[in-house]
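This report goes through the contacts and strand pairing of a single protein model. The sequence and coordinates come first.

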Amino acid sequence: QVQLVESGGGLVQAGGSLRLSCAASGRTFSSYSMGWFRQAPGKEREFVAAIRWSGGSTYYADSVKGRFTISRDNAKNTIYLQMNSLKPEDTAVYYCAARVGGMVLVGTLYGYWGQGTQVTVSS
């Protein structure tokens, strides 16, 4: 089955940068879309960014557009989320997700999830 493992989270000051990684295994991912979601304490999980594995089309939430970049490395079966100009409101557990088909913004439509990695942005 599909397995997703996130890494790269940590503690940074506002204005800093982090790069998250999501290593994927278990399938050929050419027909998949990959998404990054985040969940802050007491809040529902929200969409951050998505990418089609084949072709590399991307989509971003308005809250991160211009600051975050999602990318992929096909040879390494890895998805990245480069996060720049981080704000305290970016603090959350970040999850990598996968689904067959196109990019969508609703987390319940993704069937595969990683364990999450904590990102904390201090002010």
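## Basis

The model is predicted, so local features need pLDDT of at least 70 and side-chain atom pairs count only at pLDDT 80 or more, while totals for chains, interfaces and linings use all residues. Residues are numbered from 1 along each chain as its sequence is written, and side-chain values use heavy atoms, with hydrogens and water left out.

## Sheet

Strands here are DSSP runs (E, at least two residues; helices would be H or I, at least four), numbered from the N terminus. Two strands count as paired if DSSP finds at least two bridges between them. On this basis there is an open sheet of 4 strands in the order 1-3-8-7, with antiparallel pairing. Strand 1 (3–7) and strand 7 (68–73) each have a single partner strand and stand at the edges, so one side of each is left without a neighbour in the sheet. From one strand to the next the twist averages 15°; the axes are lines fitted to C-alpha atoms (for helices over the stretch in contact), and angles run from 0 to 180 degrees between N-to-C directions.

Strands 1 and 3 run antiparallel and are joined by 5 bridges. Strand 3 (residues 18–25) also pairs with strand 8 (residues 78–83), in the antiparallel sense, over 6 bridges. Cys22 takes part on both sides: it is the bridge partner of Glu6 in strand 3, and it stands opposite Ile79 in strand 8. Buried means under 20% relative accessible area, exposed over 50%, and partly exposed in between (1.4 Å probe, protein chains only).

## Disulfide

A search of the whole structure gives 1 disulfide, defined as a pair of cysteine sulfur atoms within 2.5 Å. The disulfide joins Cys22 and Cys96, with the sulfur atoms 2.1 Å apart. Its S-S torsion is about -80°, so the disulfide is left-handed. Cys22 lies in strand 3 and Cys96 in strand 9 (residues 92–100), so the pair ties together parts that are 74 residues apart in sequence. Both Cys22 and Cys96 are buried.

## Salt bridges

The whole structure contains 4 salt bridges (a side-chain nitrogen of Lys or Arg within 4 Å of a carboxyl oxygen of Asp or Glu). In one of them Arg38 meets Glu46, the closest N and O atoms being 2.7 Å apart. Arg38 is buried at 5% relative accessible area, while Glu46 is partly exposed at 37%.

Arg38 also forms a salt bridge with Asp90 (2.8 Å, N to O). Asp90 lies in the loop between strand 8 and strand 9 and Arg38 in strand 4, so this pair ties together parts that are 52 residues apart in sequence. Asp90 has a salt bridge with Arg67 as well, where the closest N and O atoms are 2.8 Å apart. Arg67 is in the loop between strand 6 (58–60) and strand 7, and Asp90 in the loop between strand 8 and strand 9, so the parts tied together are 23 residues apart in sequence. Asp90 and Arg67 are buried. Through shared partners, Arg38, Glu46, Arg67 and Asp90 are joined into one network.

## Aromatic side chains

There are 9 aromatic pairs in the whole structure. Rings of Phe, Tyr and Trp (its six-membered ring) pair if their centres lie within 6.5 Å; planes under 30 degrees apart count as stacked, over 60 as edge-to-face and the rest as tilted. The ring centres of Phe37 and Phe47 are 5.7 Å apart with planes at 75°, so the pair is edge-to-face. Phe37 lies in strand 4 (residues 32–39) and Phe47 in strand 5 (residues 46–52), so parts 10 residues apart in sequence are tied together. Phe37 is buried at 1% relative accessible area, and Phe47 is buried at 9%.

Tyr110 and Trp113 have ring centres 6.3 Å apart and planes at 65°, so they are edge-to-face. Tyr110 is buried at 4% relative accessibility, whereas Trp113 is partly exposed at 26%. One aromatic cluster is formed by Phe37, Phe47, Tyr59, Tyr95, Tyr110 and Trp113. The charged end of Arg45 sits over the ring of Trp113, 4.6 Å from its centre, and that of Lys65 over the ring of Tyr59, 5.9 Å from its centre. The criterion is NZ of Lys or CZ of Arg within 6 Å of the ring centre and within 35 degrees of the ring normal.

## Positive phi

Most residues other than glycine have a negative phi. Asn77 has a positive phi, near 50°, and lies in the loop between strand 7 and strand 8. Ser85 has a positive phi of about 50° and is found in the loop between strand 8 and strand 9. Asn77 is partly exposed at 29% relative accessibility, and Ser85 is partly exposed at 42%.
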